[in-house]
Amino acid sequence: MSDILNIAPDAPIWNSCGFDAVLTAQTVFKTLLSFLRTRQEIDFLQNGKSIIVNLSLNNDEEIRRLNREFRNLDRPTNVLSFANIDDDDFDKYLCISPEIELGDIIIAYETLCKEAAEKKISVHDHFAHLLTHGLLHLCGFDHQQDEEAEYMENLETEILQSLNINNPYQE
């Protein structure tokens with residue numbers, strides 16, 4: 001089994017982020033999958049198949065376009081996740097595919113930097129948090145209800161702590 005994070009640096013602005021976004025993304029990806037495989041009962045993570053995720057390091061303009069097209073929100077956002085687990089055929093796909101493609105994540109650089117500055121945290125740490133958040137969505141976690149949100153936030157916090165990143169929800 002070899003998990004794969006396909007990273008597309010789709011916006012050149014990411015070259016000035018001040019850290020190795022590709023290395024950070026790979027570390028977060030591997031850490032999160034290891035964490036979930038050992039601490040959660042998610043059937044498709046226990047079947048020995050490789051997990052594949054696509055990550056686009058993008059900009060506000062592109063994420064605004066996607067947000068408008070898929071969520072009817074005409075504004076940029078920090079991260080978008082398009083989870084294959086939400087597809088009606090996901091269970092059938094699990095049975096026939098030798099690997100599991102969980103979906104796509106897009107992170108917008110300008111919004112990431114703006115939020116990090118507002119929160120007075122490093123861009124690196126906020127990037128790790130947004131990627132963790134997006135990956136959890138691809139694995140089926142959500143935050144529509146208060147109880148779901150609290151559970152997801154606790155998972156994010158634990159995963160980030162294992163990466164020596166402070167709790168992003170602390171005031």
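Predicted model: local features only at pLDDT ≥ 70, side-chain atom pairs only at ≥ 80, totals over all residues.
**Ground rules.** Local features need pLDDT of at least 70 and side-chain atom pairs count only at pLDDT 80 or more, while totals for chains, interfaces and linings use all residues. Numbering starts from 1 along each chain as its sequence is written, and side-chain values use heavy atoms, with hydrogens and water left out.

**Sheet.** I took helices (H or I, at least four residues) and strands (E, at least two) as DSSP runs, numbered from the N terminus. Pairing asks for at least two DSSP bridges between two strands. I found an open sheet of 4 strands, order β1-β2-β4-β3, with mixed pairing. Its edge strands are β1 (4-8) and β3 (79-83), each pairing on one side only. I then checked β1 against β2 (residues 50-58): they pair in the parallel sense over 5 bridges. N6 sits opposite N54 in β2.

**Helices on the sheet.** Angles run from 0 to 180 degrees between N-to-C directions, with axes fitted to C-alpha atoms, for helices over the stretch in contact; contact means heavy atoms within 4.5 Å. Helix α1 (residues 21-39) lies across β1 and β2, at about 150 degrees to β1. Helix α2 (residues 60-71) lies across β2, β3 and β4 (99-108), at about 45 degrees to β3.

**Cores.** A nonpolar core here is a set of buried Ala, Val, Leu, Ile, Met, Phe, Trp, Tyr and Cys residues joined through side-chain atoms within 4.5 Å, buried being under 20% relative accessible area (1.4 Å probe, protein chains only). The largest has 45 residues, and W14, F44 and F127 have the most contacts inside it. α1 gives the most to this core, with 8 residues. I looked up W14: beyond its neighbours within four places in sequence, its contacts include L57, I107, L112 and F127. A second, separate core of 5 residues includes I63, L66, I106 and A108.

Terms used: Buried < 20%, exposed > 50% of the residue type's maximum accessible area, 1.4 Å probe, protein only.
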